[in-house]
Structure formats: C-alpha cells, structure tokens
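Let's take a friendly walk through this structure, from the overall fold down to single residues. Have the sequence and the 3D view at hand as you read.

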Amino acid sequence: MSEFKIGPLNHVGVAVPDLEEACETYRTLYGATDITTPFDMPEQGVKVCFVNLPNSQIELIEPLNEESPIHNFIQKNPKGGQHHVCFEVDDINEAVDEMGKRGATVLGKPRIGAHGTMIVFVHPKNSNGVLIELMESPEGAH
Ligand SMILES: CC[C@H](C(=O)O)C(=O)SCCNC(=O)CCNC(=O)[C@H](O)C(C)(C)COP(=O)(O)OP(=O)(O)OC[C@H]1O[C@@H](n2cnc3c(N)ncnc32)[C@H](O)[C@@H]1OP(=O)(O)O
Ligand SMILES: [Co+2]
C-alpha cells in the first residue's frame with residue numbers, strides 16, 4: 001500500500017435550508033464573530049460561507065437549485081444536517097488513484113472547491129455512512 005494518507009481536518013460541511021438563518025445561529029447562539037460573506041458556487045450547485053474557528057471551519061452550504069448535489073439531502077433532512085467531513089491531502093490526483101486502488105467509490109472528477117484548490121468526494125458507503133471530501137492543501141499549507 002502506498003504512503004498516501006489524509007492530512008489535517010479542514011472543515012465540517014453542514015447542509016442548511018437557509019444560509020443566512022444558519023449564520024445567525026452561529027453568531028447569536030455560539031458567539032461566532034468570524035463568518036465569511038456567503039457566495040454562490042454554481043459549478044458546485046451550492047451557496048457557501050465559512051464559520052472560521054481557531055483550528056478549523058464549519059462550512060455552511062445551501063442548495064442553489066434542484067440540480068444541486070445536496071438538494072436530495074435537504075429534501076430528506078428539511079432542517080439540514082451534518083453533510084461531510086473534509087480532510088486535506090498533498091496531491092489530489094494521488095488521492096484519487098489511491099482511493100480507487102483501495103476499493104473506494106470516488107464521486108466524479110476533481111473540481112475546484114470553495115478554498116480554490118481541487119476537491120473530490122468519496123461515497124458515504126465507504127466510510128461508515130460519512131461523506132468524505134478530500135481537498136488538495138493550499139500552497140505550503142503544512
Ligand atoms: C462549495 C464546495 C464545497 C467545498 O468544500 O469546497 C463543498 O463541500 S460542496 C458539497 C456539496 N457537494 C457534494 O456533496 C458532492 C458530492 N456529493 C454527491 O455526489 C451526492 O451528494 C451523493 C452521491 C453523496 C448523494 O447524492 P443523493 O443524495 O442525490 O443520492 P441518494 O439520495 O441516492 O443517496 C445515496 C445514499 O447516500 C446517502 N447520502 C446522501 N448524502 C449523504 C451524506 N451527505 N452523508 C451521508 N450519507 C449520504 C443517502 O442517504 C443514500 O443512502 P441509502 O442508504 O442508499 O439510502
Ligand atoms: Co466542503
């Protein structure tokens with residue numbers, strides 16, 4: 001087996017029906033003061049913002065339309081829910097190759113994520129029902 005391994009936890013993705021409402025929850029209930037301005041990522045089918053924390057982020061995502069990959073998730077979980085966990089990797093192409101070699105189902109091809117680096121997802125069935133996002137570390141991240 002190759003040396004490939006996941007690196008730091010980058011963020012926990014939380015799918016929500018209303019991004020602004022979710023931001024307000026983190027502001028008022030949890031006292032979060034560092035929340036980014038929401039922005040649309042049509043290529044990923046979501047509106048997204050980040051609750052920045054000392055050691056990680058909560059990524060809040062809202063479906064942009066019925067074609068969004070999280071549209072079904074919100075249909076099944078109308079109040080929202082924990083959606084994915086994202087780990088950093090050194091090389092996304094090595095990660096995709098290794099996932100295949102290790103028998104996992106990689107969803108689609110690597111695409112640009114909200115941090116501006118390439119991301120890919122591994123099907124929940126491979127990880128005890130948890131959708132895993134692998135994200136190439138920003139330059140010189142560690
Ligand atoms: C802005 C980018 C940002 C970033 O970090 O840069 C993001 O993270 S974007 C995040 C949104 N994008 C994605 O999630 C892309 C990958 N996801 C997918 O391709 C789909 O969501 C998929 C295939 C995981 C599920 O699609 P869908 O819900 O339409 O399919 P099913 O309803 O048939 O579900 C199949 C099976 O999986 C279970 N499921 C679905 N979503 C999740 C989840 N988030 N966590 C755990 N399990 C999930 C669903 O319940 C079904 O289970 P089954 O036992 O077969 O009923
Ligand atoms: Co994510």
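## Burial and the model

A residue is called buried if 20 or more other C-beta atoms lie within 10 Å of its own, exposed if 12 or fewer, and partly exposed in between. The model you are looking at is predicted. By that burial count, 26% of the 142 residues of the protein chain are buried.

## Overall fold

The protein chain holds 3 helices and 8 strands. Read from the N terminus, their order is β-α-β-β-β-α-β-α-β-β-β. With a radius of gyration of 15 Å, close to the 14 Å that the globule rule gives for 142 residues, the protein chain is as compact as a globular protein of that length. The C-alpha trace spans about 45 × 35 × 25 Å along its principal axes.

As for annotation, an unreviewed UniProt entry lists residues 8-137 as "domain: VOC". The end C-alpha atoms of that span lie 9 Å apart, and its content is 20% helix and 39% strand.

## Around ligand 1

Which residues come nearest to ligand 1? Of the 23 residues around it, they are Asn 72, Gly 113, Ala 114, Pro 124 and Leu 131. Two or more residues of this shell come from each of β3 (46-52), β4 (57-63), α2 (71-76), β5 (81-89), β7 (118-122) and β8 (131-136). Strand β5 gives the most, with 3 residues.

In soluble globular proteins, nonpolar side chains tend to be buried together. Here the largest nonpolar core has 12 residues: Cys 86, Val 89, Ile 92, Ala 95, Met 99, Ile 119, Val 120, Phe 121, Val 122, Leu 131, Leu 134 and Met 135. The elements giving two or more residues to this core are β5, α3 (92-101), β7 and β8, and β7 gives the most, with 4 residues. Apart from this core lies another, of 9 residues, including Val 16, Ala 22, Val 46 and Ile 70.

Leaving aside neighbours within four places in sequence, Val 89 is in contact with Ile 6, Gly 7, Ala 95, Leu 134, Met 135, Glu 136 and Ser 137.

Gly 45 sits in the loop between β2 (39-41) and β3. Is Gly 45 buried, partly exposed or exposed? Because 17 other C-beta atoms lie within 10 Å, Gly 45 is partly exposed. Not counting residues up to four places away in sequence, Gly 45 touches Pro 63, Leu 64, Asn 65, Glu 67, Ser 68 and Pro 69. Gly 45 and Ile 70 are 25 residues apart in sequence, with 7.9 Å between their C-alpha atoms.

Pro 63 lies in strand β4 and counts as buried because it has 20 C-beta neighbours inside 10 Å. With residues up to four places away in sequence left out, Pro 63 touches Gly 45, Val 46, Ser 68, Ile 70, His 71 and Ile 74. The C-alpha atoms of Pro 63 and Ala 22 are separated by 13 Å, and the two residues are 41 residues apart along the chain.

Asp 90 belongs to the loop between β5 and α3. This residue is partly exposed because 15 other C-beta atoms lie within 10 Å. Leaving aside neighbours within four places in sequence, Asp 90 is in contact with Gly 7 and Ser 137. Asp 90 and Pro 138 are 48 residues apart in sequence and 8.9 Å apart in space, C-alpha to C-alpha.

Asn 128 is in the loop between β7 and β8. With 6 other C-beta atoms within 10 Å, Asn 128 is exposed. What is its backbone doing? Most residues other than glycine have a negative phi. Phi of Asn 128, however, is near 50°, a positive value.

Conventions: Residues numbered from 1 in each chain as written. Chains lettered and ligands numbered in written order. Predicted model: local features only at pLDDT ≥ 70, side-chain atom pairs only at ≥ 80, totals over all residues. Near = placed C-beta within 6 Å. Rg over C-alpha atoms; globule rule 2.2 N^0.38 Å. Core = buried A, V, L, I, M, F, W, Y, C linked by C-beta atoms within 7 Å. Contact = placed C-beta atoms within 7 Å. UniProt positions renumbered as here; feature names shortened; annotations may be inferred.
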